[in-house]
Amino acid sequence: MAGECILCGKCLEICPLLAATGREELGPRAKADLCYLLGRDEAGLRGADVARLAGLCLGCGRCAAVCSQGVDVPGLVAGLRGAHPEFRHWLWRAWLTHADALWPAGSAAARLVPESLRPDRFGSLLRMLAGLGREPGLTPFLTPTTFPDTHRGEPVLLFPGCTATLVRPGWLAAARRLLDGLGADILPGDFRCCGGGLKSAGFANEARNMARHNINVWRGAGRPRVAVFCASCQSALRGYGAFFEDAAEAGAWQSSLIVLSMLAKDIGFALSGAAPERIGYHRPCHAEGADSDRLLLAAALGDRLVTATDRQCCGFGGVMRLGAPELGDQVGRVCWDRLAGAELALTGCSACAAQLAAAAPRGVAAGHWLEAVG
Ligand code: SF4
Ligand code: SF4
């Protein structure tokens, strides 16, 4: 049950934006306070100021996870964004709802700007855009060799997410190979965007439409397991509870969601000569439950897995990238400090993979762990 902020300060210890900038006005307690005052019409702020402040949150959810009062700061910020939309929010909405047309065009345009001419403030943003081409990504170095019999014949829907659908088909192909090897019965399913990015930007109606469509795909397939390989998508799908009228069906939906690496955790892998010696692993902020991505990689990589983060925010930040890219970069540098020494960082989230690759130190690569699977 959501309550009021009691100013305990617990969330201040884990907000990556506050840690990277030292600016308490950007932290969750200040945002909770602001939302409370706005609710009572006591803040005395202009709409433009509110919209600007609402833009300054990464939406990582780390504050909400530790709050004993159930204060959901990213949810409150999403409400503010919805009530005070400005051009960046509309831009972000177009970016997500017309991804099939805008991502390739944005990527091609970003590639036209030479690295030397990119303004510092937008350098990593342009690198991220440029990285949205349909390149194969990393050279695979993990070959599945042995498959357990535990999921043979099990019907499974595969939730691909926008990135794999539009620009990283290799992730989807690798995920299918793993499920095929397990003997799972992969059902056809025309899922759309999970709606998570739209929801956090304040576009609740659009997010609801996505959710309803995806739920109907699941119903139409007979309510099977849904395998997901992006932590951000998984978190958004877990938030669909309010769209069910029937509590039992809502429970069945929650139970159906499973991280792909959980299904694949007992697959045996062989390392090829292309495997880097020192590999890091990044656990996304939105990851929940047991870290099966890390368990799979630890078993497959052995002592080549030399460093890992645990929900250290990468600085992606969704709509915040457009309004304050330099703050996202500050947060991203702290994350890369924790991954120091790795030649390659692997993760299980499409947003983190894009952000880590865009902000990686020179000579260091990053990508989704499925890119490593040949
Ligand atoms: S938002 Fe929650 S954790 Fe943060 S200061 Fe308020 S009560 Fe404490
Ligand atoms: S969602 Fe993340 S960035 Fe935003 S206030 Fe909470 S901890 Fe800070």
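Author: Two strands are said to pair if DSSP finds at least two bridges between them, and this cut-off will be needed for the sheets of the structure above, which is a predicted model.

Reader: How do you know that strand β4 pairs with β5, and how do they run?

Author: Three bridges join β4 (residues 225-228) to β5, and pairing asks for at least two, so β4 and β5 count as paired, and they run parallel. As for a particular bridge, Ala-227 has Ile-258 in β5 as its partner.

Reader: What makes β3 and β5 edge strands of their sheet?

Author: The sheet is open, with four strands in the order β3-β2-β4-β5 and parallel pairing. Because β3 (185-187) and β5 (257-259) each have a single partner strand, one side of each is left without a neighbour in the sheet. From one strand to the next, the twist averages 40 degrees.

Reader: What makes you say that helix α13 packs on the sheet?

Author: Helix α13 (residues 231-238) touches β2 (155-159), β4 and β5, where contact means heavy atoms within 4.5 Å. The direction of α13 makes about 165 degrees with that of β5.

Reader: Why are β8 and β10 said to stand at the edges of their sheet?

Author: This is an open sheet of four strands in the order β8-β7-β9-β10, with parallel pairing. Each of β8 (305-310) and β10 (365-368) has a single partner strand, and therefore one side of each is without a neighbour in the sheet. Here the twist averages 20 degrees from one strand to the next.

Reader: How do you know that β7 pairs with β8?

Author: Five bridges join β7 (residues 279-283) to β8; at least two are required, so β7 and β8 pair. In β8, Thr-307 is the bridge partner of Gly-280.

Reader: Why is Ser-107 called buried?

Author: The relative accessibility of Ser-107 is 2%, and buried means under 20%, so Ser-107 falls in that class. Ser-107 lies in helix α7 (residues 99-111) and touches Leu-129, Ala-130, Leu-132 and Gly-133, when residues up to four places away in sequence are not counted.

Reader: What makes Pro-224 count as buried?

Author: Its value of 8% relative accessibility is under the 20% limit, so Pro-224 is buried. Pro-224 is found in the loop between α12 (204-220) and β4, and its contacts, leaving out residues up to four places away in sequence, are Pro-155, Leu-157, Leu-187, Trp-218 and Ser-256.

Reader: Why is Arg-208 called partly exposed?

Author: Arg-208, which lies in helix α12, has 28% relative accessibility; buried is under 20% and exposed over 50%, with partly exposed in between, so Arg-208 belongs to the class in between.

Reader: How do you know how the shell around ligand 2 divides into nonpolar, polar and charged residues?

Author: The residues around ligand 2 include Cys-15, Pro-16, Lys-31, Gly-59 and Gly-61. Cys and Pro count as nonpolar, Lys as charged and Gly as polar, and the division of the shell is nine nonpolar, two polar and one charged. Helices α2 (28-39) and α5 (73-83) each supply at least two residues of the shell.

Definitions and conventions: Residues are numbered from 1 along each chain as its sequence is written. Chains are lettered from A and ligands numbered from 1 in the order in which they are written. This is a predicted model: local features need pLDDT of at least 70, side-chain atom pairs count only at pLDDT 80 or more; totals for chains, interfaces and linings use all residues. Side-chain values use heavy atoms; hydrogens and water are left out. A residue is near a molecule or strand if one of its heavy atoms lies within 4 Å of it. Axes are lines fitted to C-alpha atoms, for helices over the stretch in contact, and angles run from 0 to 180 degrees between N-to-C directions. Buried means under 20% relative accessible area, exposed over 50%, partly exposed in between (1.4 Å probe, protein chains only).
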